[in-house]
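Here's a quick briefing for anyone meeting this structure for the first time. Have a look at the sequence and the model, then read on.

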Amino acid sequence: MNPATRTAWDALTNNAARARSVHLRDLFAADGQRFAKLTATWNDWLLDYSKQRITTADMTLLLDLWHSADVAGWMGRMRGGDTINHTEGRAALHIALRHPAGKGPILHAGHDVMPAVHAELEKMRGFAAQIHGRHWRGATGEPITDIVNIGIGGSDLGPRMATQALAAFRHPEIRVHYVANLDSADLATTLATLQPRTTLFVVASKTFTTQETMQNATSARHWLVQALGEGAVARHFVAVSTNLAEVARFGIDPENAFAFWDWVGGRYSLWSAIGLPLVLAVGFDNFSSMLAGAHAMDEHFFSAPPAENLPALLALLEIWNTNILGAGNRALLPYSQSLGLLPRYLQQLEMESNGKPVDRQGKPLTCATAPILWGEPGTNGQHAFYQLIHQGGRLIPCEFIACKKPDFALPGHHEKLLANCFAQSEALMRGRTLDETAAELLAGGMAAEQVALLAPYRSFPGNQPSTTLLLPRLDPYNLGALLALYEHKVFVASVIWDINPFDQWGVEYGKQLASRLLPVILGTTSGEHLDSSTAGLVAACRKG
Ligand code: F6P
């Protein structure tokens, strides 16, 4: 059902003008209990959304929206293995990938998927033990020291991001590299640092047909075969895919293939065998802890009332900022170097899932969906783009993530990092009026004439909404919970927008056109059918 036709949506829209004109500093001044009222906790996590431009009355309306969209019903459909990805005829059962053994079945088409899930996890555990124990040897008998994951999108971003996030937990003797881009610079610069004798490739692709991955895998295979001969492939290539027939066709021994299933979307696949490079990077026990953290967040999501449910709250705030305040973007600002790749990972999770034009009935949507997600870790971003957030005049809801404890115990760093994080959200909320700026400059000894000249440049409006998520520390368990939080947040928002978050048809058209253009670039087909711009670009390349 079109969200705009719901009564709660109407009531929220009626609040829009008031919400756009009110200033956050006035909301704080009016209510000393604001922080207590607009925060939520889970385990030892704290979600502070009191710096959002929202009131408790607005929250009540958003919760009405949750109920009228039947989010609880959709949660049941997800859990029950229904075909909620209706345009691809698939279930979306990524929660099964972190469901613990002995906690009951998860059914898909009448069958319990859990035995197959745990069998595959066992296979991953066994393989990691062989690599880490130096029992798995390359073709020349040497142990493996370097793993190269070849994959793109969901077959790259999750394990790549998590490997960086869990840098403090890394296995000391194994280096894990990630190659995704079709640009030969990615593979070539990675291979330049490696020895074929001690390198193992993980070719990760749900479909095993993705152009980028197949080209990189073919080039990597060539590099290996040139050095060690055809017979070396079996000891230096393993695969992760749902398409085991294609894996065999590529020449990878099916014994060395790790499976997952079509009910796992690419961007929800980190928890499956797609996590193999992460297992090799940090060990199976840490991977298991990450699954346990994700499962704990699943339990919270499925049981907590919406007003205390972290994924629900984040989704409702997204709806508020996007559809009521009219923000077209959201900045994700982790004050954690380890979470440096989180914005990129969430770009796929959020924008590929919820950047959709039609509702579940195929009707054009009349409201905006996923905002543009962007961001960088703090404090680096402060010295790059924060200027625009503070004074650029655009509405940019910000999401800060910070950890109470550092990942690496170098004295003197962490307190400063936290001070910067909280100072930014404070500054974005308060701003500084012209009078305040002038008073401060005068008090600092500046001449009145100079003050009059400079104060306008040095004041800023504030009222920039933000949320701060404070975690105890970044360990595998909390990382798992954090990623599951965002998965469920995306799902809740999709239910309210009435869209299917599990397909990605928009990506396909570009792939189709690239296949049609390749023969033109190669010169085997004429480009008569092309528009003048595309034809001109191709011609310019062919001229050299
Ligand atoms: O970008 C489109 C997409 O289909 C993603 O959804 C997916 O994660 C990625 O391509 C890679 O696909 P595969 O794992 O099949 O190679």
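Domain bounds here come from an automatic or database domain assignment. On that basis the chain splits into domain 1 (3-81 + 292-429 + 464-497), domain 2 (113-282), domain 3 (431-458) and domain 4 (507-543). Taken over C-alpha atoms, the centres of domain 3 and domain 4 are 58 Å apart.

Keep in mind that this is a predicted model: local features need pLDDT of at least 70, side-chain atom pairs count only at pLDDT 80 or more, and totals for chains, interfaces and linings use all residues. Residues are numbered from 1 along each chain as its sequence is written, and side-chain values use heavy atoms, with hydrogens and water left out.

**Around the ligand**
- There are 15 residues around the ligand, and Gly 154, Ser 155, Ser 205, Thr 207 and Thr 210 come nearest (a residue is near if one of its heavy atoms lies within 4 Å).
- By type, the shell divides into two nonpolar, nine polar and four charged residues (Ala, Val, Leu, Ile, Met, Phe, Trp, Tyr, Cys and Pro count as nonpolar, Asp, Glu, Lys and Arg as charged, and the others, Gly among them, as polar).

**Polar side chains at the ligand**
- A polar side-chain atom of Ser 155 sits 2.6 Å from an oxygen atom of the ligand.
- For Ser 205, an N or O atom of the side chain is 2.6 Å from a ligand oxygen atom.
- Gln 348 has a side-chain N or O atom 3.2 Å from an oxygen atom of the ligand.
- The protein covers 88% of the 390 Å² of accessible area that the ligand has on its own (Shrake-Rupley method, 1.4 Å probe).

**Backbone details**
- Helices (H or I, at least four residues) and strands (E, at least two) are DSSP runs, numbered from the N terminus.
- The peptide bond from Gly 378 to Thr 379 is cis, with omega near 10°, and Thr 379 is in the loop between β11 (372-374) and α16 (386-391).
- Asp 70, a residue other than glycine, has a positive phi near 55°; Asp 70 lies in the loop between α4 (56-68) and α5 (71-79).

Notes. Polar contact = N/O pair within 3.5 Å; in protein donor to acceptor, adjacent residues only side chain to side chain.
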